Amino acid sequence: MNLFLLLVLGLVTYFIVQRSVASITKTPVWILWLVMMTPAFIWSGWIWIYRKEPPLVLLLGPFIICPILYWWLIHLGRRELTPEEAKTTDSPVAAQTLNGDAQKQTVRALTKDEEAILRNCFPWSIYYLQNLEYRPQAVICRGSLRSHPEVAYKTIKENIEAHFSDRFYILFQEDFTGKPFFALVPNPLAHREAKRNSEPLTRPGLALALLLVTLFTTTIIGAEIANVTEAAVKSDPSALLQGLPYALSLMTILGIHELGHYLAARRYKIRTTLPYFIPVPFFLGTFGAFIQMRSPVPNRKALFDVAIAGPFAGFIVTIPLLIWGLANSSVVPLSDKSAMLNFDLFNPRFSLLMTLLSKLTLGSALTANVAIDLHPVAVAGYLGIIVTALNLMPVGQLDGGHIIHAMLGQQAAIAIGQVARFLLLGWSLVQREFLLWAILLFLMPVNDEPALNDVSALDNQRDFWGLLAMALLIAMILPMPPMLRGMLGI
């Protein structure tokens with residue numbers, strides 16, 4: 001099992017390294033990958049040889065040294081930029097907002113007449129245009145905002161589209177000083193709109209096939225969790241059905257999570273695929289589910305709604321399943337093997353939320369000297385809590401990163417993401433089970449792709465729901481305070 005996890009971590013790390021830095025450095029990707037995987041290799045080797053956890057110096061040393069070496073190797077092989085490319089570093093427009101073909105498009109120079117028309121698209125009372133800056137992949141329009149951001153974006157977008165049709169994507173973003181600017185990026189689909197809309201996007205056959213395969217793999221794992229032996233399955237194949245409670249519960253949680261994203265995206269007319277499950281014949285039976293958005297997010301409001309819909313929808317389904325599962329679980333004596341990832345000797349005290357739900361469900365049976373033998377449905381519900389917590393981490397392109405970006409803007413979200421990664425790293429020294437989370441967060445890019453209108457702020461109601469989401473995250477990953485544990489007798 002550890003070998004499988006190491007393999008999966010290696011594949012994910014290679015993919016992230018290749019996608020994030022391969023285009024900006026000449027240092028071979030395999031060297032960067034090897035550096036980032038070195039801590040995992042060292043820790044796995046130590047555990048394999050000595051059958052115990054590495055000492056603290058071996059845990060911290062590679063984790064501190066390897067990221068430093070990683071960034072040094074990136075800068076050592078950094079590709080020389082042309083003067084024109086160097087100018088674009090103050091604008092994340094083309095590189096971050098639009099992927100694929102859009103990044104390869106270059107701006108066709110505007111004629112004097114077209115430039116005059118473009119300038120007239122900016123009413124001085126809405127956005128006072130001061131200058132145009134030509135970049136290889138965008139036309140940057142800088143000036144002073146003189147109206148509400150939503151009014152400015154809508155007005156200028158309509159004006160530009162009226163004169164230039166679908167030639168450009170119109171982006172409204174903030175530079176590193178917080179000053180809003182417009183950018184016109186070539187639309188790679190301008191002459192393929194009809195074809196794009198006729199292309200199959202949802203692929204229900206593929207979604208159904210992956211769902212059925214994942215149902216099978218999670219049922220197998222569910223049977224193992226229910227202590228069904230291989231011999232029992234060989235003598236009676238119907239014994240596998242004991243894995244269905246776990247499989248159906250986990251897939252419902254993951255499916256509703258992604259369905260929340262899907263429905264919210266469709267509400268804003270964002271082209272998106274159906275939820276696709278990822279089946280694996282080991283670990284939990286699945287690596288989750290995902291959707292792919294095939295068109296830009298229109299504004300921060302849409303970014304927020306799409307991001308928060310998944311965790312909240314999944315959480316609403318998770319809680320009743322978890323409570324039912326806990327009610328059908330049994331208490332067992334607490335031992336040194338009790339941990340947050342040991343489902344037979346589960347210790348809920350690492351999490352304020354899990355402790356409260358366990359006490360609410362089990363009542364006086366949950367005391368300070370007992371652990372919980374989780375029912376398969378409770379295992380699925382608990383995994384739903386983990387999935388929700390991980391997705392709500394305010395880092396990069398996780399749901400929590402999108403939420404913070406929508407609430408506070410991209411630059412603030414980057415800073416908060418950096419702080420969150422180091423806080424979780426520090427907490428993992430106390431709660432070792434969070435170490436893998438900390439590693440994954442450090443492998444993720446901390447920046448998030450901006451929306452087309454990335455300037456308009458959210459309303460107070462959405463800010464409240466965003467704060468509630470972060471409070472929920474804290475309740476899921478921080479432990480029950482000792483004083484409350486004493487009061488509750490746990």
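Predicted model: local features only at pLDDT ≥ 70, side-chain atom pairs only at ≥ 80, totals over all residues.
**Aromatic rings**

- Phe350 has a ring partner in Phe346: the two centres are 6.2 Å apart and the planes meet at 85°, so the pair is edge-to-face.
- Phe346 counts as buried too, because its relative accessibility is 0%.
- How many aromatic pairs turn up in a search of the whole structure? The search finds 16.
- Tyr127 and Phe172 make another edge-to-face pair, with 6.4 Å from centre to centre and 85° between the planes.
- Tyr127 belongs to strand 1 (residues 127–134) and Phe172 to strand 3 (residues 168–174), so this pair ties together parts that are 45 residues apart in sequence.
- Both Tyr127 and Phe172 are buried.
- Tyr127 and Phe172 also belong to a cluster linked by ring pairs, together with Phe122, Tyr153 and Phe182.

**Nonpolar cores**

- In soluble globular proteins, nonpolar side chains tend to be buried together.
- Here, the largest nonpolar core has 72 residues.
- Which residues have the most contacts inside that core? They are Tyr246, Leu353, Leu374, Tyr382, Leu383, Ile385 and Ile403.
- Helix 13 (residues 300–327) gives this core its largest share, 12 residues.
- Take Leu383 as an example: setting aside neighbours within four places in sequence, Leu383 is in contact with Tyr246, Leu250, Leu284 and Phe343.
- Another core, of 29 residues, lies apart from the largest one, and its members include Val139, Tyr153, Ala183 and Leu452.
- Tyr153, then, has a place in this other core and in the ring cluster described above.

**Cysteines**

- A disulfide is a covalent bond between the sulfur atoms of two cysteines.
- How many disulfides does a search of the whole structure find? The count is zero.
- Cys121 is in no disulfide, and the nearest cysteine sulfur is that of Cys141, 9.2 Å away.
- Cys121 counts as buried because its relative accessibility is 1%.
- Cys141 counts as buried as well, at 0% relative accessibility.

Key. Residues numbered from 1 in each chain as written. Heavy atoms only, no water. Core = buried A, V, L, I, M, F, W, Y, C linked by side-chain atoms within 4.5 Å. Buried < 20%, exposed > 50% of the residue type's maximum accessible area, 1.4 Å probe, protein only. Helix = DSSP H or I, 4+ residues; strand = E, 2+ residues; numbered from the N terminus. Contact = heavy atoms within 4.5 Å. Disulfide = S-S within 2.5 Å. Phe/Tyr/Trp six-rings, centres within 6.5 Å; stacked < 30°, edge-to-face > 60°.
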